[in-house]
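Good morning. Please bring up the model on your screens, and I will talk through part of it.

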Amino acid sequence: MAGMTDTHVPATLAEFRDEFLELPAADRLELLLEFANELPPVSDEIASHPEMCERVAECQSPVYIYIEVTDGVVTMHATAPPEAPTTRGFASILVQGLTGLTADEVLAIPNDYPQSIGLTRLVSPLRIGGMTGMLMRAKRQVEAKR
Amino acid sequence: MAVDHDTSSAKFAEYAAPGRLVSTEWLAANLDTPGLVVVESDEDVLLYETGHIPGAVKVDWHTELNDPVVRDYVDGEGFAELLSRKGISRDDTVVIYGDKNNWWAAYALWVFSLFGHEDVRLLDGGRDRWIAEGREITTAKTERPATQYPVVERDDSTLRAYKDDVLAFIGKGPLIDVRSPEEYNGERTTAPAYPEEGSLRAGHIPTAQSVPWGKAVAEDGGFKPRAELEAIYRDGAGIKDGDDVIAYCRIGERSSHTWFVLQHLLGFENVRNYDGSWTEWGSAVRVPIVSGSEPGSL
């Protein structure tokens, strides 16, 4: 196995990060809510087979993710309940940011990406940990399925 | 000028402090009553933005009631600045509601009580009941003119217990552990849905009794009637009048819920919330810990 790997923030996630950071802090939660509202519904297959999904224990609400790797390209699916908009926001950022990347590109995402988008103070360090949990589990699934 | 109590409920009338709860019906009728402010406190920081009771302001326990650096609450100046900005006056009646059976609403109410804000009440059934009843929810921004809330020094001696208080307290009065049985027994260092709030060791404080917080909640999501609560806490846990009681959980939000029950619904006079709770005790060097299903002893 390789030793130190370089991390790299892929274009979409970098764009999202910049969008947050460019906003005054007071407006960033609103952007997170917009992301929450963009979380796409999962396919019927996944919706009817919850056992396919992995529960993200780091999140306070029931959040499930499922990674597909087809021909080396990653698709991320996630569900999170409507009464957990912060968690839906986190999931939406990752679903949009990871889908379409290669496995290598996903694995190169720095694990502290969630702490780099200017939300930690606004949601509290405890809550942002949920997004880190989601990212790390997604990377593990990518590694296992590539 | 405080707003009249909700006297419509026979259930409330039986409690030690009936005025500490309001019903959804009462609140709906009083949304525009002068001197009343509605506050939403949730586990999810964005839930309010998805829709809230008309006129309600958000107070987020994590990001607004806590000091951002030191594990403690905001001080008198911080609380005054926050409440002034939210448009709450010292003599306002504050009704707090939230998700998760009012966990965070109870925690916010307890913090307001540390600052001696006299008239704070909970909405029985919380956010879920208001929504389930099809009552009005709005995303319209609430505008309240800023007020001049006074700087009040926080009182940490009456309602709050520190780790050293608890160390000295073991064996002297009822300690109530409101976590799940698996956390109490020592099978888990974290609650299943909250692995971020872990600790290095599992178990419970010696002599603590296991009375999970949810025992106080009825099937309809409101608090159980007084007689049932007495059976749980007085007969079951053996709490007697005149006892000093300390309640704890992981970070103090569920024990705030139980604190509210013991203090305001059952009328025990010396109830403290150990807000450091298991995230502190379970990682503290050389504090006594017991595992298994018995309370144990020192």
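First, the ground rules. This is a predicted model, in which local features need pLDDT of at least 70 and side-chain atom pairs count only at pLDDT 80 or more, while totals for chains, interfaces and linings use all residues. Residues are numbered from 1 along each chain as its sequence is written, chains are lettered from A and ligands numbered from 1 in the order in which they are written, and side-chain values use heavy atoms, with hydrogens and water left out.

Now the interface. On chain A, 21 residues are in contact with 20 residues of chain B, contact meaning heavy atoms within 4.5 Å. Together the two chains bury about 1,600 Å², and 60% of that is on carbon and sulfur atoms. Buried area is the accessible area, taken with a 1.4 Å probe, that two parts lose on being put together, summed over both.

How many salt bridges are there between chain A and chain B? The count is one. A salt bridge is a side-chain nitrogen of Lys or Arg within 4 Å of a carboxyl oxygen of Asp or Glu. Here A:Arg127 pairs with B:Asp60, and their closest N and O atoms are 2.9 Å apart. On the chain A side, helices H2 (25-38), H4 (85-98), H6 (120-123) and H7 (125-145) each supply at least two of the residues that touch chain B. Helices (H or I, at least four residues) and strands (E, at least two) are DSSP runs, numbered from the N terminus.

Next, the sheet. In chain A, three strands form an open, antiparallel sheet in the order E1-E2-E3. Strands E1 (54-55) and E3 (73-79) of chain A each have a single partner strand, so one side of each has no neighbour in the sheet. Two strands pair if DSSP finds at least two bridges between them.

E1(A) and E2(A), residues 64-70, pair over two bridges. E2(A) and E3(A) are joined by seven bridges, and A:Ile67 stands opposite A:Met76. The hairpin of E2(A) and E3(A) has two residues between the strands, and A:Asp71 in this hairpin takes a positive phi near 55°.

That is the end of my part.
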